[in-house]
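Q: Hey, I've got this protein open and I'm a bit lost. Can you walk me through it?

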Amino acid sequence: MLMAVQVLAWSFNYIFGKIALAHLDPVTTASFRLVLAGCLYLPIFLLGARPGSVGWSDMPALALLGLCGVVINQGGFTISLAYTSVSHVAVITAVGPVLVLLFAWLNGLEALAGAKLIGMALSFAGVALLAAKSAAGGERHSAGLAGDLLALASTTGFALFTTYAKRLSHRYDTVTLNTFAHLTGAVLMLPLAARQAERLDWRGVAWPGWAGLVYMAIFGSVVGYLAFYRLLEHMTASQVSSLNYLLPIAATALGVGLLHEKINRNFLAAGALVLVGVWLTERGRWRRRAA
C-alpha cells in the first residue's frame with residue numbers, strides 16, 4: 001500500500017508540475033516549491049527530533065545532500081517539465097539506478113563487467129535516442145533538447161544524493177536526513193524565491209497554479225521522499241527498485257490521459273532501451289542483496 005502511495009504521489013507530481021508551470025514561470029515554480037518544502041519539513045523534524053541528534057561535523061555532508069538531492073534534483077526536475085514532455089522526463093528519470101552504479105564504480109564500490117556494461121550502454125542509448133528526436137524538433141509539447149538535458153541533470157543529482165546518503169544512513173534516520181537536505185535547499189533557493197516574489201503578479205496567478213505548486217511541495221518533496229526511504233527500511237532493494245519501472249509507465253499514462261500528450265514508436269523504443277538497460281545493471285546487485 002505504501003508503494004502504491006509512493007508511485008501515485010510521484011506520478012501525479014509530473015501532472016501537477018505541468019499545471020503549475022501553466023500559470024507560473026519555471027524559476028518561480030522551482031524556487032517556491034523548494035522553500036515551501038523546507039518549511040514543511042521543519043515541524044516534522046522538531047516533533048520527533050532528539051536533542052543533539054545532529055553533529056556539526058556532518059553539516060557539510062548534509063548540505064551536499066541538499067545541493068544534489070533538492071536543488072539539482074527537484075529544481076532541475078521542475079524546470080525540465082517546462083521544456084519537455086512528461087513522458088520524456090519520466091523515462092530519463094528511470095536511468096537513476098544506472099547513474100548510481102556508475103558513481104559507485106567511480107568510488108571503488110562496484111565492479112563493471114558483462115551485463116552491467118551492456119545495461120549501461122542500452123540505458124544511455126535510450127536517453128540519446130530521446131534527445132536526438134528532441135533536437136530534431138519532431139516532438140510536441142516543447143519536447144526540446146534543453147528539457148531532456150535538464151531532466152538528465154536532475155536524475156544525476158538524485159543519484160549523487162543516493163550515493164552520499166549511504167554514508168550517513170547508519171547515523172541518521174530518514175526524517176533527519178531529508179529535513180536537513182531540504183532545509184539546505186530552501187536556504188539556497190530563498191534569495192531567488194524572494195526576487196521572484198517581488199516580480200510576480202500575484203493576482204494574475206489562478207488557483208490551479210497554486211494548487212499544482214502546493215502538491216509538488218507536499219507530495220513530491222515531503223510525502224514522496226519520506227515514503228521512498230520508509231520503503232527501503234521494510235522492503236528489499238529489489239522490490240523498491242521496481243519503482244524504476246512503475247513510475248515511467250504510470251507517469252506516461254497520466255500524461256497521455258490527462259494532458260493529451262502523444263507518444264510514438266521512437267519514444268517506445270527509447271523507453272524499452274532504458275528499462276531493459278536498468279534491469280540488466282540491477283539484476284546482479286539484486287541477487288547479492290537477496291543472498
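Q: Where does Pro26 sit?
A: Pro26 is in helix 2, which covers residues 26-48. Keep in mind as we go that this is a predicted model.

Q: What does Pro26 touch, leaving aside its neighbours within four places in sequence?
A: Pro26 is in contact with Leu21, Ile79, Ala82 and Tyr83, once neighbours within four places in sequence are set aside.

Q: OK, zooming out. How many helices and strands are there in the chain?
A: The chain has 12 helices and zero strands. Reading from the N terminus, the elements go α-α-α-α-α-α-α-α-α-α-α-α.

Q: And how much of the chain is buried?
A: Buried residues account for 51% of the 291 residues. As for the surface, the chain exposes about 13,200 Å², and carbon and sulfur atoms supply 69% of that.

Q: What share of the contacts comes from residues 24 or more positions apart?
A: If you take the contacts with a separation of 6 or more, 89% of them are between residues 24 or more positions apart.

Q: Let's go to helix 3. Is Gly75 buried or exposed?
A: Gly75, which is found in helix 3, is buried, because its relative accessible area is 5% and the cut-off for buried is under 20%.

Q: Which residues does Gly75 touch?
A: Not counting residues up to four places away in sequence, Gly75 touches Ala30, Leu34 and Val70.

Q: Which side chain makes a polar contact with Asn73?
A: That's Tyr225: a polar contact of 2.4 Å joins the side chains of Asn73 and Tyr225. Leaving aside neighbours within four places in sequence, Asn73 is in contact with Cys68, Ser154, Gly157, Phe158 and Tyr225.

Q: Which residues form the nonpolar patch on the surface?
A: Leu64, Leu67, Ile72 and Leu188 form the patch, and together they have about 300 Å² of accessible area. Helix 3, residues 59-80, gives the largest share of the patch, with three residues.

Q: Why does Leu64 count as partly exposed?
A: Leu64 has 33% relative accessibility, so it counts as partly exposed. The partly exposed range lies between under 20% for buried and over 50% for exposed. Leu64 is found in helix 3.

Q: Switching topics: why is helix 5 called largely enclosed?
A: Eight of the 11 residues of helix 5 (residues 96-106) are buried, so the rest of the structure largely encloses that helix. The buried ones are Gly96, Pro97, Val98, Leu99, Val100, Leu101, Phe103 and Ala104. After helix 5 comes Gly108, with a positive phi near 75 degrees.

Q: How many residues of helix 4 are buried?
A: Seven of the eight residues of helix 4 (residues 86-93) are buried, which leaves the helix mostly covered. Those buried residues are Val86, Ser87, His88, Val89, Ala90, Val91 and Ile92.

Q: Which residues is Ile263 in contact with?
A: Ser87 is one of them, along with Thr252, Val256 and Leu268, leaving aside neighbours within four places in sequence. Ile263 and Ser87 are 176 residues apart in sequence but 7.9 Å apart in space, C-alpha to C-alpha. Ile263 lies in the loop between helix 11 (243-259) and helix 12 (265-290), and at 39% relative accessibility Ile263 counts as partly exposed.

Q: What's the phi of His260?
A: Phi of His260 is near 60 degrees, a positive value in a residue other than glycine. Most residues other than glycine have a negative phi. His260 lies in the loop between helix 11 and helix 12, and His260 is exposed, with a relative accessible area of 54%.

Q: Last one: where does pLDDT stay under 50?
A: Over residues 139-143, for which the model has 20 contacts beyond four places in sequence. Where pLDDT is low, the predicted coordinates should not be read in detail. For the chain, the mean pLDDT is 84, and 87% of the residues reach 70 or more.

Notes
Residues are numbered from 1 along each chain as its sequence is written. This is a predicted model: local features need pLDDT of at least 70, side-chain atom pairs count only at pLDDT 80 or more; totals for chains, interfaces and linings use all residues. Side-chain values use heavy atoms; hydrogens and water are left out. Patches are made of residues with over 30% relative accessible area and no salt bridge: like charges are joined within 9 Å, nonpolar side chains (Val, Leu, Ile, Met, Phe, Trp, Tyr) within 5 Å. Accessible areas come from the Shrake-Rupley method with a 1.4 Å probe; for residues, only the protein chains shown count as cover. A salt bridge is a side-chain nitrogen of Lys or Arg within 4 Å of a carboxyl oxygen of Asp or Glu. Helices (H or I, at least four residues) and strands (E, at least two) are DSSP runs, numbered from the N terminus. Buried means under 20% relative accessible area, exposed over 50%, partly exposed in between (1.4 Å probe, protein chains only). A polar contact is a pair of N or O atoms within 3.5 Å; within protein, one must be able to donate a hydrogen and the other to accept it, and residues adjacent in sequence count only if both atoms are side-chain atoms. Contact means heavy atoms within 4.5 Å. pLDDT is the predictor's confidence in each residue, from 0 to 100.
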